[in-house]
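Take a look at the fold below. We start with one local pairing and then step back to the whole chain.

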Amino acid sequence: MKHTSDVIIVGGGVIGASIAYHLAKRGQSVTLLERSRLGTEASAAAAGMLGAQSEMEDTGPLFQWARQSRAMFPELSGELKSLTGIDIGLVREGLLNVALSDAQEQELRAREKLQRTAGERAEWLSAAAAAALEPALSRATRGALYLPEDGQVEAPQLAAAFAQAARVFGAKLQEFANVQGLLTERDRVIGVMTSEGPLYSEHVVVAAGTWSGQLLVGSGIDLPVYPVKGECFSVLAEKRELQKTLFTPGCYIVPKAGGRLLVGATVVPNSYDRKVSLAGLAELMERAKQLMPAIVEAEWEKAWSGLRPQTPDGMPYIGKVPMYEGLFAACGHYRNGILLSPITGKIIAQLVSGEDASNLQPNLDAFCPDLSGTSKRLESGRLQGEELHGIEAAH
């Protein structure tokens with residue numbers, strides 16, 4: 001049995017590419033396998049928001065990891081550009097979480113206190129103050145929570161930069177590699193079976209997004225991940241109408257270079273159908289107009305969709321899979337794959353390399369892919385079933 005590499009990574013999106021980069025940087029020999037083209041699934045469809053504060057409704061483990069990961073982007077941006085020449089488009093103009101109703105205003109005012117208590121910058125702005133900051137805002141705005149530390153990147157460029165940087169450090173990246181399942185021997189993983197034959201390694205990392213659960217089930221591992229389709233569209237404005245990202249339940253508008261405005265995203269759970277529906281676009285257009293009336297004057301560019309990988313409790317699976325030695329998972333990031341890609345790659349690389357990741361304990365336990373009856377993850381009482389779908393419907 002000949003090892004292909006120290007580590008095989010299944011999945012060539014932003015998460016898999018980040019893991020490959022961090023492992024190869026540590027001197028590990030890495031083979032990354034992607035079933036289609038690198039970075040063309042959820043990573044290509046993402047808006048690229050770094051919403052460590054805007055997306056979080058509490059200050060639990062996910063928030064802690066999110067703000068740590070957000071803080072990694074300035075240094076990472078320079079490092080990736082130096083290695084690959086790719087500019088990931090990091091913008092640190094902040095975000096406005098906009099209230100269009102009394103209920104939203106009360107929720108955001110409460111979130112301001114929560115964020116401040118956690119040591120983050122957050123400021124409630126009156127409608128007049130918000131309009132002074134972003135004149136394109138609707139007059140229906142009741143106010144906005146200003147989050148100056150949240151930002152954005154160009155998601156496709158980030159995925160491409162991670163992949164290319166991994167190549168620079170010697171990683172082998174193979175597209176159109178159909179992985180059929182894991183190869184195991186007693187209680188450890190020894191590689192993967194592909195349509196072209198077996199590939200062997202000491203470690204396997206499953207980072208295949210919404211297809212991760214399907215890959216693992218053949219080895220008796222129940223790690224449920226389901227798709228949540230998100231539809232988006234973009235328009236072109238004659239001048240830059242926004243400086244900051246606008247975010248409200250059900251809609252966000254992200255200003256990109258060249259006057260481009262990216263609008264998203266619908267929420268369609270349990271659908272692998274990538275078609276963009278007229279109903280979905282109509283809903284987004286109406287919500288975007290409520291946020292920014294002048295958007296109706298912009299030129300249409302395009303529409304697309306992506307499949308975001310979600311888990312039953314809303315938390316990603318990051319860490320060792322307990323059934324087999326040498327097996328790791330990094331999947332189920334849902335709306336936060338771009339934001340969490342740096343820290344996910346770093347932590348998986350630490351775990352695979354045998355380095356001490358205890359500095360993140362007990363937060364690491366919250367993401368452990370251990371769904372047994374003794375799992376600390378299941379003791380935490382996180383969102384389940386209908387409650388989670390209710391939150392999705394609100395977004």
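Two strands pair if DSSP finds at least two bridges between them. Helices (H or I, at least four residues) and strands (E, at least two) are DSSP runs, numbered from the N terminus. This is a predicted model: local features need pLDDT of at least 70, side-chain atom pairs count only at pLDDT 80 or more, and totals for chains, interfaces and linings use all residues. Residues are numbered from 1 along each chain as its sequence is written, and side-chain values use heavy atoms, with hydrogens and water left out.

Start at β18 (residues 317-320). It runs antiparallel to β19 (residues 327-331), and four bridges join the two. Gly319 has Ala329 in β19 as its bridge partner. The two strands, β18 and β19, form a hairpin with six residues between them. In that turn, Gly326 has a positive phi of about 90 degrees.

Now step back. The protein has eleven helices and 19 strands. Its C-alpha atoms fill a box of roughly 70 × 45 × 40 Å along the principal axes. What is the radius of gyration of the protein? It is 21 Å, which agrees with the value near 21 Å for a compact globule of 395 residues. That radius is taken over C-alpha atoms, and the globule rule is 2.2 Å times the number of residues to the power 0.38.

Next, packing. Of the 395 residues, 56% count as buried (under 20% relative accessible area, with a 1.4 Å probe and protein chains only). Take contacts (heavy atoms within 4.5 Å) with a separation of 6 or more: residues 24 or more positions apart account for 73% of them.

Conventions. Buried means under 20% relative accessible area, exposed over 50%, partly exposed in between (1.4 Å probe, protein chains only).
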